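Open your viewer and get ready to click along. We will go from stop to stop, selecting a few things at a time and looking at what is there.

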Amino acid sequence: MTAPSSGQQHQYACSSCGAALEFQPGTSSMKCPYCGATVAITTSADSTKHDYVAYANVPHALVSTLPAFTVSCRNCGSPNTTTAVAGRCQSCRGAIVVTDDCGGELKSPDGIVPFAVDQKAASAAFGTWSSSRWFAPNALKKVRTTDSMRGGYLPHWGFDDKTTTDYSGERGEHYYTTETYTENGQTRTRQVQHTAWYPASGRVSRDFVDVLAPGITTPDAETLEKLGPWSTAGATGYESEYLAGYDVPRYSVMAEAGFGYAKHEMQQVIEGDCRSDIGGDEQRVHSMTTYDVDLLFRLLLLPLWFATYVFSGKTYAVYVNANTGKVIGDRPWSWIKITLAALAALVVIGIGVYAYQQGHRSSG
Ligand SMILES: [Zn+2]
Ligand SMILES: [Zn+2]
């Protein structure tokens, strides 16, 4: 295994004051956090997609086994050893894009979904979310300050697939019969529903574009699914300038595993297509054979804001989808607030019981 080279680092110095420039969400510019100078980013090419079959036919080293990079910060000279693709210097907090090509073994990103939600809007969305959480501790509500939200990108695989599926199953049609029965010595009638099943088969097609599969395992797939959906239609070509000042982990889920995930997602959609093709009142799908044409993929970076906070010695994370403003978070339950609420409920029940007893006493 070739050790990834460490000479691809990007740090963009402000021409006025020399500080490290940072990407400015909602724009296509970098901005100096100290003097406010801006520099436009030139995006040289559109986001590219690649032939998936050709890629998957070649073995790839597991990204989790690739060594970390060591780069020395051009701002302060400190060495940084990291597996991240971009982040901040551990000493001076200056923005560093570590690499955009890890010796060729780590695939370079093919596109970036732009930030539609800036840090201020993310903070406001988080504030609304946290204040509407029942029994949330005050520690959660304090995270609302703008400074505690950090920006990052989540690597995801996007798959295009033109599918044709031959299926066989059954179509169920409802019919009703009249039954007689006896109740309290009286003879009555009622309508009873039955289903008649008929064989059904056919062919459905669908053109999938950018079916997303997580390229990382933290946050977990369930959290990411809740954080979605993401619109990838506006994805731009990759330029390392868009990463300056943002946390970008290496992907750790290989494209091959991502394809398995995406296939499963597609299968659910295709089964729905088969059911609507079968029609009737109920459907059974017994078999589906799917043919893939024009399988393409790309590595996309999806934007988010996140914050972590500690409550009772445990770390919790909250995420804001920077594409849609949707907020997802781990939240602890404040047992003090729950206990107070439970006591208040008991008082209400107690008053109710007392009133009921009083009512019975006066009528009895
Ligand atoms: Zn400056
Ligand atoms: Zn530094």
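This is a predicted model: local features need pLDDT of at least 70, side-chain atom pairs count only at pLDDT 80 or more; totals for chains, interfaces and linings use all residues.

Is Cys-32 buried or exposed? Cys-32 counts as buried because its relative accessibility is 2%, and the cut-off for buried is under 20%. Cys-35 is partly exposed, with a relative accessible area of 42%. Cys-17 is also partly exposed, at 41%.

Next stop: select the zinc ion (ligand 2). Which residues are its protein donors? They are Cys-73, Cys-76, Cys-89 and Cys-92, each through its SG atom, lying 2.3 Å from the zinc ion (ligand 2). The angles among the four donor atoms run from 105 to 113°, and the site is tetrahedral. Along the chain, the donors of the zinc ion (ligand 2) have the spacing C-x2-C-x12-C-x2-C.

Where do they sit? Cys-76 is in the loop between β5 (69–72) and β6 (79–82), while Cys-89 is in the loop between β7 (86–88) and β8 (95–97). The two are 13 residues apart, and the pair links distant parts of the chain. With the surface on, Cys-76 is partly exposed, with a relative accessible area of 37%, whereas Cys-89 is buried, with a value of 0%.

A disulfide is a covalent bond between the sulfur atoms of two cysteines. How many disulfides does the structure hold? The count is zero. While you are looking at cysteines, select Cys-274 too: this residue is buried, with a relative accessible area of 0%.

For the last stop, select Thr-163 and colour strand β10 (residues 150–183), where Thr-163 is found. Thr-163 counts as buried, at 2% relative accessibility. What is Thr-163 in contact with, leaving aside its neighbours within four places in sequence? Show Val-204, Ser-205, Arg-206 and Phe-208, then Lys-263 and Ile-270, and finally Thr-290, Tyr-291 and Asp-292: these are its contacts.

Conventions. Residues are numbered from 1 along each chain as its sequence is written. Chains are lettered from A and ligands numbered from 1 in the order in which they are written. Side-chain values use heavy atoms; hydrogens and water are left out. Donors are N, O and S atoms within 2.8 Å of the metal (3.2 Å for Na, K and Ca); water is not among the atoms, so sites may look incomplete. Four donors count as tetrahedral if all angles lie between 85 and 135 degrees; four count as square planar and six as octahedral if opposite donors are over 155 degrees apart and all others between 65 and 115; anything else is irregular. Helices (H or I, at least four residues) and strands (E, at least two) are DSSP runs, numbered from the N terminus. Buried means under 20% relative accessible area, exposed over 50%, partly exposed in between (1.4 Å probe, protein chains only). A disulfide is a pair of cysteine sulfur atoms within 2.5 Å. Contact means heavy atoms within 4.5 Å.
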